[in-house]
Amino acid sequence: MIDQDLSKVTPQVYESKIGVPYTWWAGDTATRFLEGIRDRGELWATRCGKCSRTYVPPRKNCPGCFEENAEWVQVGPGATVVTFTVARRPLAAIPDPVPVVFALVKPDGADTAMLHRIGDVDPEKVSIGMRVKPRFAAERKGHIRDIECFVPEQG
Amino acid sequence: MEKIAIIGMGMTKIEANKVSENFADMAWEAVNAALADAGMDIKDVSNLITTSNDFWDGRTISCMAVGDSSGAREKNCSCVEGDGTYGAFYAMARILSGSYPSTLVTGHTKGSESISSLITNAAFDPIYERSLGVDMITASAMQARAYMDKTGTTSEDLARVSVKNHGNAKNNPYAQLPMDLTVEDVLASEMIADPLHKLDCSPVSDGCCALILADEETAKKFCKKPIWVKGAAFCSDAYFLGDRDLAKPKSLVAAAKKAYAMAGITEPTRQIDLAEVYDAFTYQELMWAEGLGLAEYGKAKDRLKNGDFDISGTLPVNASGGLLSGHPVIAAGLYRMAEAVRQLRGEAGANQKDGAKTAVVQGLNGLCGQSHCVWVLGNE
Ligand SMILES: [Zn+2]
């Protein structure tokens, strides 16, 4: 016989995971950006012909005007820290040892900031308005992390 | 606009880890509570909207799986992926179409079953961003810093939000984290991602909330104290964080403007009696209060310090304890709406704002408040 009283149940746990491989095609626009960092160590952006806003990372269309961003322009390498955080807890999404500095950095000539990391600096010394530049990996594969991080422009 | 009312609400207690109820069991509890509250039978509701997120449920088309315990069988049931306030908006639109006298809306999340950092990391662009390792907390930390830099808001100011909301939760039977805290306690808690301490962040939570919306005729038939929708609107900003000025809640200002215009609110600080806002992090309560016009930009910290946002103040914000005291992600905005309903019915017990007639509720979707959904509710 089974006990009809569910209050006496000790609930069980089922442990599992969902593992689904994806192949995300970057598309022509992002591919041109990724080729720029891989082959030439350059940051390339797209510009809206209507409002002249320059988007990095590049997008095919201007979200504001809903027009195609037809023009390519080189931005950076100098960039300014717009905001940042020093991640101190080893959060599950962070694939490296903490502390890790995440930042939004706006490359010179761009109207938007791009999300990346700050390195080669004491995390306590990072500040809004700080000048930085990308540090590229020696071996590059056409991936956002071909930029290892942004580092202080001086020194 | 036709009159639309909230005529029933049901909340499960928000808990860190509900072991006795799976996601569907939570819906069963909340839906039955909402039906009982409205004095309705499931047969009185012709249709429903469920709100859920497949990643958090660990199940694709999970809206289909939650239907059986929500009363969806042989009914018109549809789903919203996002915050519950957006599900409620869809429910309202259905009723306004004239084809549905009432609509049941639910929202559920069991945050305890997965790893929020990995789930929110997956909200970032896979080509340009995701591999960097950013998640909701670190992204919000960047927004907090941008806001503090622009407004002069300090860590002590943020801590006061945590002290107030965890204190308010002491009188809320549905809250997960009632706590007596001091500003020093918050500042001494673990620094997760500067400038956000552990006690600046909402917890991982399980919970389900259900509301029943109805047209005027149905509301008057079933409900003694219908709470009326005076205005509702939502608005989106850019997806990429770097496209936005993260220090300013632009899309919230736009959504509030529309909702207030519908509700005839011209002076929110005078005409609104209380607010329930999406305080996933302490700084967000201040930013969103400003976006809702409850304080000038950068001045919410002063109103908070002055006690204006306390339950005993002129404009209580998150008298319920807010999300800092329990944050079932997708259900979060529906909980805010339900808490406002409790207040407007005069049923909020020790947390009651005396004579509350008009409340504003805000939900959001996307990283760092990309989109906001604003509701103005009233009891007259
Ligand atoms: Zn444009």
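Rings of Phe, Tyr and Trp (its six-membered ring) form an aromatic pair if their centres lie within 6.5 Å, with planes under 30 degrees apart counted as stacked, over 60 as edge-to-face and the rest as tilted. The model is predicted, local features need pLDDT of at least 70, side-chain atom pairs count only at pLDDT 80 or more, and totals for chains, interfaces and linings use all residues. Residues are numbered from 1 along each chain as its sequence is written, chains are lettered from A and ligands numbered from 1 in the order in which they are written, and side-chain values use heavy atoms, with hydrogens and water left out.

View 1. The whole structure holds 9 aromatic pairs over all chains. One of them joins Phe33(A) and Tyr128(B) edge-to-face, at 5.5 Å centre to centre and 90 degrees between the planes. Phe33(A) is buried at 0% relative accessible area (buried: under 20%; exposed: over 50%; partly exposed: in between; 1.4 Å probe, protein chains only). Tyr128(B) is likewise buried, at 6%.

**View 2. A stacked pair, Phe281(B) and Tyr283(B).** The ring centres are 6.2 Å apart, with 20 degrees between the planes. Phe281(B) is buried at 4% relative accessibility, as is Tyr283(B) at 0%.

**View 3. Arginine charges over aromatic rings.** The charged end of Arg145(B) sits over the ring of Phe84(A), 3.9 Å from its centre. That of Arg32(A) sits over the ring of Trp72(A), at 5.4 Å. The criterion places CZ of Arg, or NZ of Lys, within 6 Å of the ring centre and within 35 degrees of the ring normal.
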